[in-house]
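Have a look at the model below, and then let's walk through it together.

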Amino acid sequence: MDDETAKALRGRAKAALTRTKNFIEKDEQTFNKNDISNKLEKLELIYTEFDQADAALTFESSEMEEFEAKYYETKAKLQNILENLSVRTNAYTDNSDFLENVSNVKFSNFKLPKINIERFSGDYKDRPSFKDLYVSLVHDNMCLSNVQKFQYLRGLLLSEPAHITKHIHITETAYNEAWEKLLAHYDKKKQIIFLLIKTFMEQPSFNDINISNLRNIADTSDEVIRGLKFIDTKAESRDVWLIYILLQKVDSKTRQEWA
C-alpha cells in the first residue's frame, strides 16, 4: 500500500468515526437496539481499516494515539446506550415480579442510571475486571434496591452466565441468590491466573514486524500483567509461571485435577 492510498483510507476511517460520534451526540435522539449493535460492529471495522492504513505509514506520521482516544470514547458511549436499552428490554419482558413489588411506581417512567461496564461472556480471565467494576458501581451502591441491582446484573450477562440466573425471578430477596451463584461458578482464582498466563504464552509469532503487530503484543502482555496484579500480588511471581509451564508437560487429566 503506497502512502497516498494509506492516507486516503485513514482519512475515510476518521470521517466514518466522526459520523458515528455525531450520530450518538445528536440532540433528542431516539435509539434502537439493533441500530446501536450495528454501529458497534461497524465501529470495529472502522478501527481495523484505520489501523491497517496507519501501520503502512511511517512511525512519525502515525495518528493512532489521537484516533484511539476518539474511538474508545465513542465505543464506550455506544455500549452504554446498548446496555441501557438491554436493561429496559429485560425489564419489560422478564420482570412480572418486579411489577408486583413496585405497583406504586409507574414503570414506563422508570429509568436506571447509565453505567459503563463491558458485558460478561463467561470468560474466566475477564471475570476480575467485570466483578471489580460491577461491585463498585452496582453491588455496593446503597442508592439502588436489590431489584434494580438484579436488573443491571441481567443486562450485563451474556450466554452461559446469563443462563445461570435465567430461572431466578427478579425480586428483592432473590438478587443475593443470583449473585452468590455467579461467584460460586466464576470466582476461581487458579483458573483465572492460568488462563491469563496461557494468553501471554500463546501470543502468535509475526514474520512481518510492524507497528500494529508490536502494539498487539504490548497490549496483550500489559493486559495479562495488570490482570495478574489485580487478582493477587503473588500471581506475578515466577512460581505460578513455572507451574503453568510444567503442567503443559503432563497429561490432560493431571492438569485438570490441578486446576
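What follows is a short tour of some side chains and where they sit.

Keep in mind that this is a predicted model. Let's begin with the aromatic rings: a search of the whole structure turns up eight aromatic pairs. Take phenylalanine 50 and phenylalanine 67: their ring centres are 3.8 Å apart and their planes meet at 5°, and since planes under 30 degrees apart count as stacked, this pair is stacked. The pair links distant parts of the chain, with phenylalanine 50 in helix α2 (residues 33-55) and phenylalanine 67 in helix α3 (residues 64-94), 17 residues apart. Both phenylalanine 50 and phenylalanine 67 are buried. They also belong to a cluster: ring pairs join Tyr47, Phe50, Phe67, Tyr71 and Tyr72.

Lysine 39 lies over the face of phenylalanine 23, at 4.5 Å from the ring centre.

Now move along to helix α6 (residues 146-155). How many of its ten residues are buried? Ten of the ten, so helix α6 is largely enclosed by the rest of the structure. The buried residues of α6 include Lys149 and Arg154, along with Phe150, Tyr152 and Leu153.

Finally, head out to the surface. Here Ile209, Leu214 and Ile217 make a nonpolar patch of about 260 Å². Isoleucine 209 sits in the loop between α9 (189-201) and α10 (211-231). Is isoleucine 209 buried or exposed? Its relative accessible area is 54%, and exposed means over 50%, so isoleucine 209 is exposed.

Technical notes:
Residues numbered from 1 in each chain as written. Predicted model: local features only at pLDDT ≥ 70, side-chain atom pairs only at ≥ 80, totals over all residues. Heavy atoms only, no water. Patch = residues over 30% accessible without salt bridge, like charges linked within 9 Å, V, L, I, M, F, W, Y side chains within 5 Å. Areas by Shrake-Rupley, 256 points an atom, 1.4 Å probe, with all protein chains shown as cover. Salt bridge = Lys/Arg side-chain N within 4 Å of Asp/Glu carboxyl O. Helix = DSSP H or I, 4+ residues; strand = E, 2+ residues; numbered from the N terminus. Buried < 20%, exposed > 50% of the residue type's maximum accessible area, 1.4 Å probe, protein only. Phe/Tyr/Trp six-rings, centres within 6.5 Å; stacked < 30°, edge-to-face > 60°. Lys NZ or Arg CZ within 6 Å of the ring centre and 35° of its normal.
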